[in-house]
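Colleague: I am new to this structure and would like to learn how to read its features one at a time. Could you take me through some of them, giving the general idea before the particular case?

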Amino acid sequence: MTSRIPRDSRLRLVRPRPLAAAPRAVNQRRPRRPAPRPPEGTPAPAELARMARSGLAAAARVAHWADAALRPGRNGANPDIKGTLSDETAERAAADLCLTVTQVRADWDTARLAGLVEVHGDSARPGWRLRAWDRDDSAVLRGWVALFDAWSLACPEPADHEPAAVAEVVSAMPQVLSFLQLSAGPVPMEQLLDLLEQRVTELRTERCEIPYGPQPVPAPAPVPPPELADASLSPLLDWALRALASVGALTYGDGQATLTPLGNWAVWVKLEQICVAAQSPAGNIEQAAEDMLRGCAQLRPNAARAEYRAWLAARPVGSAVTELLGAARGEDALLRGLAFEALRVVGAPAEPDVRSVAEEPTLRPYALLWLAEHDGIDPEDAHEVLTREEATWLWVDTAAAVADHGEAPMLVRHLESAVQPTVPMLLDEVRAVGHPRTVQVLVALAAAHPDPALAKAVRRAAFQVHTGGS
């Protein structure tokens with residue numbers, strides 16, 4: 001007669017897997033698209049990198065100064081908790097570099113946007129691009145593209161315009177830049193303004209919500225004269241073009257704008273990313289974040305990352321990060337894990353938003369792992385930043401993703417990723433963390449596990465959580 005006492009089944013200790021990992025499609029082959037060639041006349045990568053180095057020379061100089069002067073153990077002030085330079089440090093840099101304090105602050109801000117300086121929590125440190133600045137052309141070009149992506153932060157936005165109007169213009173500028181790239185020459189301000197107005201109108205139409213059921217017929221809204229519409233967007237277009245000119249993406253003057261070789265190349269790269277996404281099996285480029293993540297759930301990791309990059313390339317970084325975090329807050333744990341994978345593709349620009357959600361219980365374990373990896377901790381060791389309770393909560397959340405989207409054997413194998421050395425300890429701590437999906441996860445695990453005694457213990461734990469017993 002066999003004993004029905006639950007066995008103290010040992011679990012092999014492996015690092016917790018932060019991703020809600022439903023099985024990927026086994027074979028997602030697609031025809032390889034030949035490597036695209038840039039438009040005729042585009043300088044070679046080495047020449048583009050030379051241009052980027054020239055444009056970012058002042059920012060690199062300040063970053064190198066900070067690397068040498070503000071290392072631990074050196075005398076001198078450090079950047080403040082926001083990564084901006086303190087007055088004392090800015091004055092010291094200005095004296096050492098024969099610049100004004102205003103120039104130092106502007107170059108420091110550019111260095112941060114280009115990733116030459118990285119802000120981590122309450123400190124700033126040299127970025128990896130600065131280390132590779134003189135020897136790696138791709139690092140230089142990535143730094144310039146990061147600055148190009150952050151063009152709306154390069155110049156203060158007009159103070160007398162509604163934030164919503166500024167956001168609309170930022171969202172519409174990719175189409176304006178695409179038009180400049182296709183025009184391959186100077187474009188008059190009037191044409192750009194007309195295009196901007198059309199795109200802003202499209203954005204407002206896309207946001208329109210049509211209520212269900214009979215509705216009273218509203219009185220027709222007065223249509224502003226064209227000259228008033230022009231007046232509202234013209235200053236914002238002027239601001240956007242000046243900001244893009246300040247990062248070296250275009251030249252702007254005499255009532256017309258022209259992309260620089262760097263700007264032309266960057267817009268082409270982003271258009272190519274969009275084309276790749278449009279030709280992908282999932283075709284997620286125009287989807288909202290939640291639908292995009294669902295479309296990527298069955299792709300292999302490399303294919304999914306390509307989808308994330310193309311989806312991100314078609315949107316302003318700030319709104320894309322907000323949308324991904326919104327999807328992560330939903331009830332689907334699989335989307336939560338995939339959203340943070342997409343945020344890993346975003347990289348440094350997502351750090352302030354990820355850090356801001358680290359106190360939300362649902363997102364905290366994912367955010368802490370993301371921040372640890374962003375700070376340079378090896379992904380294999382990143383789980384060590386989690387407390388035992390946080391790691392257990394993440395284990396349940398990942399199990400919920402597997403239960404919803406995976407297969408029974410995968411759920412059984414998921415036991416191996418628990419930090420607890422025994423099943424009874426795991427069950428005790430799972431009951432204690434209070435994850436909203438605990439009962440469903442335990443019931444699914446009990447149904448899937450081939451060991452009758454262990455399955456019985458798991459079912460008992462599920463019943464205790466359901467009834468509030470012990």
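Modeller: Let us begin with a single residue, keeping in mind that this is a predicted model. A residue counts as buried when its relative accessible area is under 20%. N264 has a relative accessibility of 17%, so N264 is classed as buried.

Colleague: Where does N264 lie, and which residues does N264 touch, leaving aside those up to four places away in sequence?

Modeller: N264 is part of helix α11, which covers residues 261-278. Leaving out residues up to four places away in sequence, N264 touches P39, T42, Q181 and L259. One of these, L259, is in strand β5, where L259 is the bridge partner of L250.

Colleague: How should I read the sheet, and what is the order of its strands?

Modeller: In general, the strands of a sheet pair through backbone hydrogen bonds, in either a parallel or an antiparallel manner. Here an open sheet of three strands runs in the order β3-β5-β4, and the pairing is antiparallel. Because β3 (187-188) and β4 (250-253) each have a single partner strand, they stand at the edges, and one side of each is left without a neighbour in the sheet. Between β4 and β5 (residues 256-259) the antiparallel pairing extends over four bridges.

Colleague: Which helix lies across these strands, and at about what angle to β5?

Modeller: Helix α8, made of residues 163-183, lies across β3, β4 and β5, and runs at about 75 degrees to β5.

Colleague: Is α15 mostly covered or mostly open, and what do its buried residues pack against?

Modeller: Helix α15 is mostly covered, with twelve of its 14 residues buried; among them are L334, L338 and F340. The buried residues of α15 pack against several helices, including α12 (289-296), α14 (317-328) and α18 (388-405).

Colleague: How are aromatic rings read, and how many aromatic pairs does a search of the whole structure find?

Modeller: A pair of rings is described by the distance between the centres and the angle between the planes. The search of the whole structure finds three aromatic pairs. In one of them, the ring centres of W144 and F148 are 5.5 Å apart and the planes are at 10 degrees, so this pair is stacked. W144 and F148 are four residues apart in helix α6 (residues 137-149), and therefore about one helical turn separates them. Both W144 and F148 are buried. For F340 and Y366, the ring centres are 5.6 Å apart and the planes are at 25 degrees, so that pair too is stacked. The pair of F340 in helix α15 and Y366 in helix α17 links distant parts of the chain, 26 residues apart.

Colleague: To finish, how far apart are L411 and A444 in sequence and in space?

Modeller: L411 and A444 are separated by 33 residues in sequence and, from C-alpha to C-alpha, by 8.2 Å in space. L411 lies in helix α19 (residues 408-413) and is buried, with a relative accessible area of 5%. Not counting residues up to four places away in sequence, L411 touches A399, V402, A403, A444 and L445.

How values were computed
Residues are numbered from 1 along each chain as its sequence is written. This is a predicted model: local features need pLDDT of at least 70, side-chain atom pairs count only at pLDDT 80 or more; totals for chains, interfaces and linings use all residues. Side-chain values use heavy atoms; hydrogens and water are left out. Buried means under 20% relative accessible area, exposed over 50%, partly exposed in between (1.4 Å probe, protein chains only). Helices (H or I, at least four residues) and strands (E, at least two) are DSSP runs, numbered from the N terminus. Contact means heavy atoms within 4.5 Å. Two strands pair if DSSP finds at least two bridges between them. Axes are lines fitted to C-alpha atoms, for helices over the stretch in contact, and angles run from 0 to 180 degrees between N-to-C directions. Rings of Phe, Tyr and Trp (its six-membered ring) pair if their centres lie within 6.5 Å; planes under 30 degrees apart count as stacked, over 60 as edge-to-face and the rest as tilted.
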